[in-house]
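Please read this briefing alongside the sequence and the structure, which are shown just below. The notes are arranged by topic and can be checked residue by residue.

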Amino acid sequence: MTTCRAPREGFAPAARSTTSGVERYDAAMIRYQGTLYRPPSEAESLILQATIGCSYNECTFCGMYREKQFRVRPIEQLRAEIEWARERLPHTRKVFLADGDALVAKPAFLHQVLDALREAFPTLRRVSCYASPQALQIRTIEQMSALREAGLTQYYLGVESGHDEVLEFLKKGVDSAEMVRVAGKATAAGVRLSTMILLGAGGRRLSLEHARASARVVSAIQPRFVSTLVMTPVPDTPLWDLAEQGQVDELDAVELTTELRAFVADLELHRTVFRANHASNHLPIGGTLPKDKAVLLSTLDAILEEPDDAPFVPASLRGL
Ligand code: SF4
């Protein structure tokens with residue numbers, strides 16, 4: 001999924017205190033546990049850790065929550081943090097519920113969080129979270145619709161690939177048909193989807209098939225946003241171990257551009273913002289599809305014709 005490590009400045013550490021033997025949560029802060037990740041587009045959002053970790057935590061390439069045991073945080077702690085933020089950031093318009101798949105938490109809990117947010121922030125415009133395919137499997141359309149009405153209007157979904165062999169390699173836990181089905185549930189609930197595709201995930205052998213299959217799946221989903229990342233082995237993941245054994249092709253910038261071109265060429269979208277602005281990308285480009293498709297393709301063609309002059313981001317400056 002598309003991520004950035006979120007800066008934590010400005011939020012003082014939490015303290016637990018005891019009054020008359022009863023442990024009380026002292027919200028002189030917002031407490032973040034472990035490394036915090038959020039999508040690039042949530043850079044201006046208030047981030048609340050409604051849950052810790054990822055309940056699935058199996059994806060081959062993902063090292064974000066390996067060290068965290070999944071749990072839902074006590075609502076009293078979140079209410080205290082929201083109250084802290086209400087006093088200091090009263091004009092908050094966007095909130096991101098971390099960590100990896102807050103949607104998997106029980107709807108009754110999420111409604112309590114959303115109610116507290118709406119009460120605290122009159123200008124609140126959007127609450128969003130990551131949604132794993134597994135969370136989308138267990139949530140009903142009715143539940144997601146009710147949560148949307150309560151303010152949870154956008155999910156970030158790591159589709160990663162539309163190619164079943166690649167999805168199996170990545171251990172996403174669903175095939176492409178199931179990915180489209182569960183994404184369709186969110187759309188039917190009126191939730192805005194922001195989807196991510198992992199360039200390079202098929203290696204050299206499946207590069208173009210991965211691109212085309214991913215375009216088919218994204219076109220079937222019709223998300224409001226689609227972004228690309230570049231698959232990058234990170235330590236303490238199965239992908240890293242395979243890369244150490246020389247079993248992972250890491251595509252170069254020209255190969256990634258060829259794959260990206262094949263992906264964009266096959267996209268059939270009605271109204272989707274496309275971005276390749278994640279820090280892992282070799283080529284930051286973007287536009288609105290279908291309006292900008294021809295320009296995007298001609299840009300990519302020009303780069304492939306003269307790759308030596310292309311504004312590729314050096315590998316040393318890229319990262320997950
Ligand atoms: S579902 Fe998302 S957060 Fe969880 S392991 Fe997979 S990529 Fe990581």
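The model is predicted, and its chain of 320 residues has 42% of them counted as buried. Ten helices and 14 strands occur in the chain. Among contacts between residues at least 6 apart in sequence, 79% join residues at least 24 apart.

**The open sheet**

- Eight strands make up an open sheet with mixed pairing, and their order is S5-S8-S9-S10-S11-S12-S13-S14. Strand S5 (46-49) and strand S14 (286-289) are the edge strands, each of which pairs on one side only.
- On average, and with direction ignored, neighbouring strands of this sheet are turned by 20° against each other.
- Strand S8 (residues 94-98) and strand S9 (residues 126-130) run parallel and are joined by four bridges. Within this pairing, lysine 94 has arginine 126 of S9 as its bridge partner, while phenylalanine 96 stands opposite serine 128, which also belongs to S9.
- Strand S9 is mostly covered, with four of its five residues buried.
- Further along the sheet, S11 and S12 pair in the parallel sense over six bridges, and methionine 196 stands opposite serine 227 in S12.
- Strand S12 is largely enclosed by the rest of the structure, because five of its six residues are buried.

- Helix H9 (residues 253-266) lies across S11 and S12, and H9 runs at about 145° to S11.

**The nonpolar core**

- The largest nonpolar core contains 84 residues, and those with the most contacts inside this core are Leu97, Cys129, Ala131, Tyr155 and Ala186. The element that gives the most to this core is helix H7 (residues 207-221), with six residues.
- Leaving aside residues up to four places away in sequence, alanine 186 touches Ala131, Leu136, Met144, Tyr155, Val191 and Leu193. Two of these partners, Ala131 and Tyr155, are themselves listed with Ala186 as having the most contacts inside the core.

**The surroundings of the ligand**

- There are 13 residues around the ligand, and those that come nearest are Cys54, Cys59, Cys62, Gly100 and Ser132.
- By residue class, the shell around the ligand consists of seven nonpolar, four polar and two charged residues.

**Backbone features to inspect**

- The peptide bond from alanine 98 to aspartate 99 is cis, with omega near 0°, and aspartate 99 is found in the loop between S8 and helix H2 (107-120).
- Leucine 289 and proline 290 are also joined by a cis peptide bond, with omega of about 10°, and proline 290 has its place in the loop between S14 and H10.
- Lysine 171 is not a glycine, although its phi is positive at about 55°, and this residue lies in the loop between helix H5 (164-170) and helix H6 (176-188). Lysine 171 counts as partly exposed because it has 14 C-beta neighbours inside 10 Å.
- Glutamine 222, likewise a residue other than glycine, has a positive phi near 55°, and its place is in the loop between H7 and S12. Because 17 other C-beta atoms lie within 10 Å, glutamine 222 is partly exposed.

**The segment after helix H10**

- Valine 313 is found in the segment after helix H10 (293-305), and this valine is partly exposed because it has 15 other C-beta atoms within 10 Å.
- The C-alpha atoms of valine 313 and proline 284 are separated by 8.1 Å, although the two residues are 29 residues apart along the chain.

Terms used. Residues are numbered from 1 along each chain as its sequence is written. This is a predicted model: local features need pLDDT of at least 70, side-chain atom pairs count only at pLDDT 80 or more; totals for chains, interfaces and linings use all residues. A residue is near a molecule or strand if its C-beta atom, placed from the backbone, lies within 6 Å of it. Ala, Val, Leu, Ile, Met, Phe, Trp, Tyr, Cys and Pro count as nonpolar, Asp, Glu, Lys and Arg as charged, and the others, Gly among them, as polar. A nonpolar core is a set of buried Ala, Val, Leu, Ile, Met, Phe, Trp, Tyr and Cys residues joined through C-beta atoms within 7 Å. A residue is buried if 20 or more other C-beta atoms lie within 10 Å of its own, exposed if 12 or fewer, and partly exposed in between; C-beta atoms are placed from the backbone. Helices (H or I, at least four residues) and strands (E, at least two) are DSSP runs, numbered from the N terminus. Two residues are in contact if their C-beta atoms, placed from the backbone, lie within 7 Å. Two strands pair if DSSP finds at least two bridges between them. Axes are lines fitted to C-alpha atoms, for helices over the stretch in contact, and angles run from 0 to 180 degrees between N-to-C directions.
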